Amino acid sequence: MQLDEFFVTGEPLIYGGMVSIALVTIAILFILTYFKKWGWLWREWLTTVDHKKIGVMYILSALAMLFRGGVDAMMMRVQLAFPNMNFLNAQHYDEIFTTHGTVMIIFMAMPFLIGLMNIIVPLQIGARDFAFPYLNALSFWSFLFGAMLFNISFVIGGSPDAGWTSYTPLAGAAMSPGPGQNFYLMGLQLSGIGTLATGINLMVTILKMRAPKMKMFQMPIFTWSTLITSFIIVFAFPILTVALALMTLDRIFGAQFFTLTGEGMPMMWANLFWMWGHPEVYIVILPAFGIFSEVICTFARKQLFGYKAMVWAIILIAGLSFLVWVHHFFTMGAGAFVNSVFSISTMLIAVPTGVKIFNWLGTLYKSKIKNTVAMMWALAFIPSFVIGGVTGVMLGMASADYQFHNTYFLVAHFHYVLIAGTVFACFSGLVFWYPKMFGHKLNERIGKWSFWFFVIGFHVCFFPQYFVGLDGMPRRVFTIIPEWMPLNIISTIGAFGMGAGFAIFVFCILYSYRYSEREKSGDSWGDGRTLEWATPTPVPFYNFATLPEIDSQDAYVKLKEEGRTTFEEDKLEPIHMPNNTGQPIIMMGFLFFASFGLVFEWMWMAIAFLIAGLIMMVVRSFDYDEGYHVEVDEIKRIERSARGL
Amino acid sequence: MSSHELKTGPLEYRRQEDQMTILGFWIFLGAEIVLFATLFATYAVLFGRTADSTPPMELFEPGIVLIMTFLLLTSSFTCGLAIHEMRRGNAKALRNWMIITLILGATFLGFEIYEFIHYAHEGATMQSSAYWSAFFTLAGTHGLHVTLGIGWVILLLIQLAKRGLTPKTSRKFFVIGLYWHFLDVVWIFIFTSVYLIGMVV
Amino acid sequence: MTDHNKRIPTQHVIGFALSIALTLLAAWTALGSNLSTMWIISSIMILAVIQAGIQLFMFMHVVESDSHNGHVPWNMMFHGAVLAAILVAGSLFVMSFGFTHDHDGENHEQHEQQDSGDHSDMDMEGDGEHEGH
């Protein structure tokens, strides 16, 4: 293979990307070396098994991915603003909408939420870490290496260009030769391992490590939504694993699953993809519901209205999520009966979702709302998400779907649910829990600017797309006709509004790092209701010096009333903690190179690194490291300084 | 992360961290069910799509398939006996039954490899049609699991020799036991829905 | 299940004998009996499910009070099985209904409907395009 086949050539935008990647890498290497931070980086971050640090790394990576996906989005919007634009050519446009979708769902939305779960869930249930801290580190590195593998495709080998859904036969070897599509397959496969492991890890953590006497129906709603999400992950991700493996077999080893030869069935890919894909939608929306519930309760300063109804609604949504997958391809032509069945099951989902909306409204009713930035994101979510939900029911009607399918109406719908749901929740949750993570709040004034830019930009961008879709503009076209121009220009302006909102948000992080007051109390907002606020800020690495007994919902409200804390000196015992380890990053590094070899079909490389990865697993099997104990005196010292006693 | 240890009950359940590992493995088996179910679904949908290659009816032979099934059923039984002996505190019997399980598993694999090579000679390969892709992937994924299981048991036997029966080694053996029985369950369904139905329809 | 100290594991032996018997029964049903294909398939699938149950309860101890894991293992197995049924039956339902490639059976009428349906859809799409331009 020649070097110019290895690197992507001929696109000025991509050359720009290469130069900036090189510059940023050199800058990072230089800074680490100059300030002698290599040892610190390795000891404190790369080998950590602390759920809080892993969560922070998840969120930082997700923000980087949001930036990457956002740049893709703005490039698309520029290309679509005017008819016959020459900003991107057809091929480049295809690559960009593919990477935009994949990055945003797999490498931004999920890691962001998993990052928040990592940090918050153990704190909310009174646990000292995950059930399997080592596995948690492994999950993170598998996600990060998967994301890196997918992201380097645009400078090395070429990006995938068959859409984030990668429908066959287009994505098959015959029609998409070369490494591009392999990057999609291997990148998702690698990060999928981590997602499944996280799902198992969180389930066991929540089921087995709750504070003494905390019942299931006393858990905070975010923890509940995490538990149900993990359940969906465990049952949905293996489907993706298999689907990706089958397509890999097709492309690299000449199998005939989704091909047009050998009686293969291309639509079987769509079937499998959406059997995972639809539950996946709920994997990214249920935790968002959980975050909004926490934020709304806290700043409405009331107990959640209809807690049990909320929990059952989540469970019902999770169950239904496995029964609606065909609504993504009604137009396949499976016959009226099949479509009717799935049309009805789809519309059923609106019922539990409606229940949740009324729960939030019920919580807000007659409450004294504190108008913080986190609360504003939550309040903006409710009406915006309802618009997305209602248009979703419209799409769910099979016969009408023949009109909406593959138009911008659909594009507008899923951006309304995914941005108003998931992205708003990510911002809301990050702002809300930021003081717990970093020991200082984000600046509220700047936060409000970023909120207004982003929310107004969002509606300006996507509301017109419903209408341009009804006017017949199909999705995934790289150029428009003059009739669609006015609405598209408005849409592009909105997209840049969102970009500005994101930029202001990043500025807000930097500004607050420099100027915000450091937190002195653990209960930063003064209205905390759940256990995470009972810990001091910054949270000690073992989280809880003593575990409080829990006998009610909103555990921290009761603790505050009774004047109890998570530091009862007479009950202190040595705390068992796991040791840091470099194995996860090394193991996943090997699997990264194995996947890279498979992408280019260099079998010697794939096999060699796969064996190296297996050796790491053997090393792990023989590793009888039992961790260490934190002694009582040290706990006392840490708690006293953290609590200012 | 409590370090409290129970005084009674099977060794593998005494420490909370071992209980959690076993629970985590059950959840993982839930995921494995779905993984194999997806392969079964693909196989079912692609059934009959043999294109120009030999149909399964002409290749499947009841004799060899029944031998393979009995080998695996017996290995599942001996694995159960191994765990039973482990709970009686008999490390040596655990080791011996585990070794017998290994031999049975390896023989099963040998038959499966022979079978695959035989089919390939008759013109049925991964590449020849959608049906055969699905068949080799489904049976092959099961075979790969058995292979990994064999490697895993060997690692555990070394650890048993080094450390004896402790809560941690007991837990590890219990988990591999679950894994092995699970592979037997999967094989029952492969035997039924691939071979038997393949010979009937 | 509770007595770990018995020398002879009765339960394992019964389980093993049952699974051998059920396997032979399934093989005989498929290869030796005169039942119709439909009956063969449904009865051997039921036999397989029974065998899976034997493995789960008699060998794997899916419910065991010593485990301190409550009903969760059983819960995961049950939901896994439900989802497996959804996956297999659902895929067959979606991918074959009105979609099959044999043109000689009862499905013929279905096909005709399907075809005419397709045509009208194509017309509708065509109209849409005209409006667009």
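This is a predicted model: local features need pLDDT of at least 70, side-chain atom pairs count only at pLDDT 80 or more; totals for chains, interfaces and linings use all residues.

Biologist: Chain B touches chain C. Which element gives the most to the side of chain B that touches chain C?

Modeller: That contact takes 42 residues from chain B and 41 residues from chain C. On the chain B side, α1 (16-45), α3 (62-87) and α6 (167-200) each supply at least two residues. By class, that side has 28 nonpolar, 11 polar and three charged residues. With 15 residues, the element that gives the most is α1(B).

Biologist: Now for chain A and chain B. Which element of chain A gives the most to the side that touches chain B?

Modeller: Here the contact takes 35 residues from chain A and 29 residues from chain B. Elements giving two or more residues on the chain A side include α7 (180-208), α9 (266-300) and β1 (575-577). The classes on that side come to 24 nonpolar, seven polar and four charged residues. The top giver, with nine residues, is α8(A).

Biologist: Let's look at α19(A). How far apart are its end C-alpha atoms?

Modeller: Helix α19 of chain A covers residues 583-599, which is 17 residues. At 1.5 Å a residue, it should span 24 Å, and the model agrees, with its end C-alpha atoms apart by 24 Å.

Biologist: Is α19(A) largely enclosed or open, and what do its buried residues pack against?

Modeller: 12 of the 17 residues of α19(A) are buried, so it is largely enclosed by the rest of the structure. Among those buried residues are Phe590(A), Leu591(A) and Phe592(A). In chain A, the buried residues of α19(A) pack against α3 (38-46), α6 (133-151), α7, α8 and α20.

Biologist: Which residues of chain C does UniProt list for "transmembrane region"?

Modeller: Two of the listed spans can be checked against the model. Residues 12-31 of chain C are 100% helix, with end C-alpha atoms 28 Å apart, and residues 37-59 are also 100% helix, with ends 32 Å apart. The unreviewed UniProt entry lists residues 12-31, 37-59 and 80-99.

Biologist: Where does Pro169(A) lie, and what kind of peptide bond joins it to Thr168(A)?

Modeller: Most peptide bonds are trans. Pro169(A) lies in the loop between α6 and α7 of chain A. With omega at about 0°, the bond joining Thr168(A) and Pro169(A) is cis.

Biologist: One last thing: is His61(C) buried or exposed?

Modeller: His61(C) is in the loop between α2 (37-59) and α3 (72-96) of chain C. Its phi is positive, about 55°, although it is not a glycine. The cut-off for buried is 20 or more other C-beta atoms within 10 Å. His61(C) has 21 C-beta neighbours inside 10 Å, so it counts as buried.

How values were computed. Residues are numbered from 1 along each chain as its sequence is written. Chains are lettered from A and ligands numbered from 1 in the order in which they are written. Two residues are in contact if their C-beta atoms, placed from the backbone, lie within 7 Å. Helices (H or I, at least four residues) and strands (E, at least two) are DSSP runs, numbered from the N terminus. Ala, Val, Leu, Ile, Met, Phe, Trp, Tyr, Cys and Pro count as nonpolar, Asp, Glu, Lys and Arg as charged, and the others, Gly among them, as polar. The expected span of a helix is 1.5 Å times one less than its number of residues. UniProt positions are given in the numbering used here, feature names are shortened, and annotations may be inferred rather than shown by experiment.
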